[in-house]
Amino acid sequence: MFQYYLIQIKLLILGIAYSILGYILFLTYSSSFEISNGLILLFDLILSLDILLFAFFFFQAFKKYRMPKDLYNKRKFETPRYFKFLLVPVYQMVLINSFVRYFNPRVYLKGKDRSYLSTYHEETKIAETSHILAFVPTSILQIIYLLQGEYKHFLFLGLFNILFNIYPMLLQRQNRFLIERRFPNLLSIN
C-alpha cells in the first residue's frame, strides 16, 4: 500500500498514526472523572486496535522489515502438543469462522496451490512481526497502568493483548512450523 512512497511520506503517515495513539493516551491520563467498566473496556479495545493499526501501517510502509532471523526459528519446546496445550488450534477455528478472517487474506492457505507456500511462509513472518510491534507498546502501557494503580485498564488491556497479539503470534508460528515440517524441500529457509 505505502511501500512505493518516499521515505519522508512513509514517516509522515507513521507519525500521524502515532499522533492519534498519543492523543488517545493523553485523553486517558487527562480525564479526571470516573468512568464505567464498560467505557474502560471500550476505551482499551480502541487503544489496542489503534496500536495494532500502527503496526499495520508500519508494514504497509516498510514491507521488508524483519526482526532478527533467530526470532523466527523454532524453539525446542514449540511442538504440536505445546500449541495444542495453549489452545492455539481452538483460537484458529474461531478466527477461521469469524469475520476476522477477511482482515488479512494472505495468511490463509485454503484454495491456494503449492506455489503459494513460499509466499505464505513469508507472510507468517510479516504477520508475526506486526503483532510483536503491537505487543511491545501494549505491554509497556499495561506496566504504566499497573504502576499507576489503574488495575481495570491493566486487566482489560492485558486481555486484548492476549487476544490481538499473543495468540496471533502463536498461530503464525504454529502455521509456519507446520509448513516447514510438511514441505521441508519446498521452502528455501534462510
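**Briefing: an all-helix predicted model**

Confidence in the protein is lowest in helix α1 (residues 7-30), with a mean pLDDT of 72, and highest in helix α3 (residues 80-85), at 96. The model is predicted, and its average pLDDT is 82, with 83% of the residues scoring at least 70. Where pLDDT is low, the predicted coordinates should not be read in detail.

**Overall build**
- The protein has 6 helices and 0 strands, giving the pattern α-α-α-α-α-α along the sequence.
- Of the contacts with a separation of 6 or more, 77% join residues 24 or more positions apart.

**Surface and burial**
- Of the 190 residues in the protein, 38% are buried.
- The protein exposes about 12000 Å², and 68% of that area comes from carbon and sulfur atoms.

**Nonpolar cores**
- The largest nonpolar core consists of 9 residues: F43, L47, I51, L52, A55, A134, L141, Y145 and L157.
- Helices α2 (37-61) and α5 (117-147) each contribute at least two residues to this core.
- The largest share, 5 residues, comes from α2.
- Another core, of 8 residues, lies apart from it and includes V88, Y91, Y167 and F177.
- In soluble globular proteins, nonpolar side chains tend to be buried together.

**An exposed leucine**
- L155 sits in helix α6 (residues 151-182).
- L155 counts as exposed because its relative accessibility is 56%, and the cut-off for exposed is over 50%.
- The C-alpha atom of L155 is 9.2 Å from that of Y145, a residue 10 positions away along the chain.
- Y145 itself belongs to the largest nonpolar core.

Notes. Residues numbered from 1 in each chain as written. Predicted model: local features only at pLDDT ≥ 70, side-chain atom pairs only at ≥ 80, totals over all residues. Heavy atoms only, no water. Core = buried A, V, L, I, M, F, W, Y, C linked by side-chain atoms within 4.5 Å. Buried < 20%, exposed > 50% of the residue type's maximum accessible area, 1.4 Å probe, protein only. Helix = DSSP H or I, 4+ residues; strand = E, 2+ residues; numbered from the N terminus. pLDDT = per-residue confidence, 0-100. Contact = heavy atoms within 4.5 Å. Areas by Shrake-Rupley, 256 points an atom, 1.4 Å probe, with all protein chains shown as cover.
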